[in-house]
Amino acid sequence: MATGIASVSGQLHLRKPVYWRSSYGKAQCHSNVILNGMQNQIPWSYWVSKFLRVHRSNYSQCQVKTNWKSHSGTINSCQRDGSTRYFDFAVIGSGIAGLRYALEVAKHGTVAVITKAEPHESNTNYAQGGVSAVLCPMDSVESHMQDTIVAGAYLCDEETVRVVCTEGPERIKELIAMGASFDHGEDGNLHLAREGGHSHRRIVHAADMTGREIERALLEAVFKHPNIHVFQHHFAIDLLTTQDGSDIVCHGVDTINTETQEVIRFISKVTLLASGGAGHTYPSTTNPPATTVYREACSRSQKALRRYEADLQRVTDERNSLTLLLGQREEEIKDLRAELAKAYRDQADLSEQVATGDGMAMAHRAQAVISNMEFVQFHPTALADEGLPIRPTRTRENAFLITEAVRGDGGILYNLDMERFMPMYDERAELAPRDVVARSIDDQLKKRGEKYVLLDISYKPREKVLSHFPNIAAECLRHGLDITQQPIPVVPAAHYMCGGVRAGLEGETNVHGLYVAGEVACTGLHGANRLASNSLLEALVFARRAVQPSIDHMNVSRIDHGASSWWSRPVAPMLLGDTVHGKVIHRTREVRKELQSIMWEYVGIVRSTSRLTAAEKRIRELELEWETYLFQHGWEPTMVGVEACEMRNLFCCANLVVNSALSRHESRGLHYTIDFPHVEESKRLPTIIFPSQRNSSWSSRQLHRQQIC
């Protein structure tokens with residue numbers, strides 16, 4: 001992996017070259033500007049924004065050298081040149097951040113929203129709890145800030161926290177104006193819930209399906225907008241960049257249409273990464289699941305449909321003599337079409353595997369700065385299938401989330417002997433921040449040798465439980481569990497990445513023309529642990545803050561229709577043949593499970609240096625073995641397929657997490673290690689992964705040749 005790591009503070013200034021730990025244990029020297037400083041100075045967010053603005057001012061020199069000569073101003077429509085599309089703005093991801101941003105920038109130019117699955121398939125759609133914002137007179141911005149900073153183990157950037165908490169209420173009002181419907185109390189005001197880590201009721205929600213309601217409202221507006229073009233089932237492969245000295249410029253993204261296997265290139269003046277997190281680095285996650293079964297069902301149905309349609313054409317030519325066969329084939333085709341339609345509906349219901357770290361890995365390969373990847377949030381309460389009266393018929397790749405709001409509404413945690421245990425770990429009990437609750441549950445399970453604990457809300461009035469948590473009640477009832485009468489079996493599961501692509505206060509990155517928002521970004525808001533319901537809030541605020549600088553960048557940029565030829569094109573692995581390609585996919589799925597097992601066993605809720613080192617070694621060996629297998633079977637470095645590209649992204653993110661964890665010699669927030677079990681004030685610093693030209697594996701290299709301005 002082409003990374004170096006240094007722990008630095010939230011401020012920025014110049015200093016002499018330093019040494020840092022590389023991803024494979026070798027010391028490297030980095031002599032460029034690095035992030036560093038001391039506490040009580042000007043906040044990091046101010047300096048990084050200023051630093052990136054200075055670098056943007058040098059962008060015009062690179063712009064002249066690239067000789068972009070056509071299409072100054074906006075592109076009037078979705079322009080197409082073969083398999084290349086030209087837009088003013090390319091948005092990668094269709095969650096709350098990507099859609100909210102698209103709706104704003106569409107007022108100034110053409111927008112491509114690129115999503116790897118159905119447009120509604122995102123972590124936003126699965127968010128149950130709600131959006132936190134100060135909307136009650138009894139609450140205050142200062143209180144919300146304090147709760148955020150405490151939950152983040154004092155690693156949050158204070159200026160970022162203030163911006164988000166201050167601007168949050170206005171962002172909520174904008175959603176309501178767009179048609180999002182949230183729950184109201186009997187007094188007619190918004191019903192505000194309370195969740196773990198919050199000192200006040202400030203969670204705006206739509207029962208326990210808040211994300212789905214927000215996604216619905218945003219998608220309705222997006223589909224109505226003439227300047228926005230949605231490209232579903234387009235998997236983003238790599239960002240298109242050029243480099244001039246230390247300046248890196250993003251010009252768009254390569255994608256593969258997963259339905260046609262055609263590689264589609266998007267050339268854009270501005271690119272927003274809003275692609276979500278990397279929950280599927282672990283075997284159990286609350287992030288949207290894979291659809292391997294349904295993809296295979298679709299494939300089988302499509303092949304059979306093509307075969308029978310060919311028969312239909314033949315027998316139509318011989319209609320007089322084959323009337324009976326024609327009728328039979330028509331009935332079979334009708335049945336197969338119905339089967340195919342059902343398979344597609346099931347696929348839409350379950351989604352592509354969304355959170356595979358695609359954006360973080362693409363940004364890393366494009367030389368963007370990455371930060372705080374060691375802070376993987378495990379949601380304390382995902383539904384434990386083993387404790388259900390009726391278990392699911394097949395193993396789920398995702399865990400069904402039991403929202404934080406259940407504990408906020410009075411839910412109590414018990415072990416299997418019905419002993420309440422949270423007061424033993426924290427005076428806030430069930431309302432402690434997620435990292436505390438997850439570690440407490442993990443400790444109970446290990447001490448008692450049990451596989452799940454119980455979350456009980458059944459003592460509350462039945463009507464209240466059903467009205468507040470209808471989605472959870474329905475899912476549990478499907479498996480024979482009535483949450484108004486019985487406790488819910490729960491277990492921690494990977495949930496949210498607090499780290500990601502380092503961003504300034506306007507969502508800008510060190511790559512010109514590339515902005516980030518949502519879970520893929522590390523803005524400094526979450527610090528070492530995300531406060532409940534702050535994720536949707538952050539996405540809304542930063543999607544909106546990235547708009548004006550994006551418009552400014554678009555207005556001074558031009559698009560050359562010859563730009564598409566600057567990079568060699570990735571190719572689909574058609575030449576391998578079905579047999580070899582099938583073997584590659586089968587081995588890739590096995591490797592994915594092996595990687596997930598390593599991450600859960602060695603890089604989970606409780607860590608140690610020896611186990612992290614073992615994980616680093618095993619991941620490196622597994623990655624080398626997998627790449628060797630691919631290339632020995634005829635795979636080329638420029639070949640792209642969804643399973644293989646997701647796998648390289650998962651390897652990339654796993655390495656980023658492990659190396660970041662090894663660099664932090666303390667226990668803070670979500671990162672707990674038995675070798676350094678205490679918080680060290682001197683180490684209250686973000687972890688920074690700097691760009692490097694060192695390309696050690698396929699997962700850390702861009703597929704195409706990087707051009708020079």
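**Entry 1. Helix 20**

I take the expected span of a helix as 1.5 Å times one less than its number of residues; helices (H or I, at least four residues) and strands (E, at least two) are DSSP runs, numbered from the N terminus. The model I examined is predicted, so local features need pLDDT of at least 70 and side-chain atom pairs count only at pLDDT 80 or more, whereas totals for chains, interfaces and linings use all residues. Residues are numbered from 1 along each chain as its sequence is written, and side-chain values use heavy atoms, with hydrogens and water left out.

I then looked up its burial, where buried means under 20% relative accessible area, exposed over 50% and partly exposed in between (1.4 Å probe, protein chains only). I found 22 of the 22 residues of helix 20 buried.

**Entry 2. Cysteines**

I counted disulfides, each a pair of cysteine sulfur atoms within 2.5 Å, and the count came to 0.

**Entry 3. Helix 15**

I listed the buried residues of helix 15 (residues 470-478): Asn471, Ile472, Ala473, Glu475 and Cys476. What covers them? I found that the cover includes helix 7 (210-224), strand 15 (376-383), helix 11 (404-408), helix 14 (462-468) and strand 18 (488-497). After helix 15 comes Gly480, with a positive phi near 80°.

I looked up an open sheet of 3 strands, in the order 7-9-8 with antiparallel pairing; two strands pair if DSSP finds at least two bridges between them. Its edge strands, each pairing on one side only, are strand 7 (131-132) and strand 8 (192-193). Strand 7 pairs with strand 9 (residues 203-204) over 2 bridges in the antiparallel sense, and Val131 stands opposite Val204 in strand 9.

**Entry 4. Confidence**

I read pLDDT as the predictor's confidence in each residue, from 0 to 100. The chain has a mean pLDDT of 81, with 75% of its residues at 70 or more. Over residues 1-42 pLDDT is below 50, and beyond near neighbours in sequence this stretch has 128 contacts in the model, a contact being heavy atoms within 4.5 Å. Residues 50-72 also stay under 50, with 51 contacts beyond four places in sequence.
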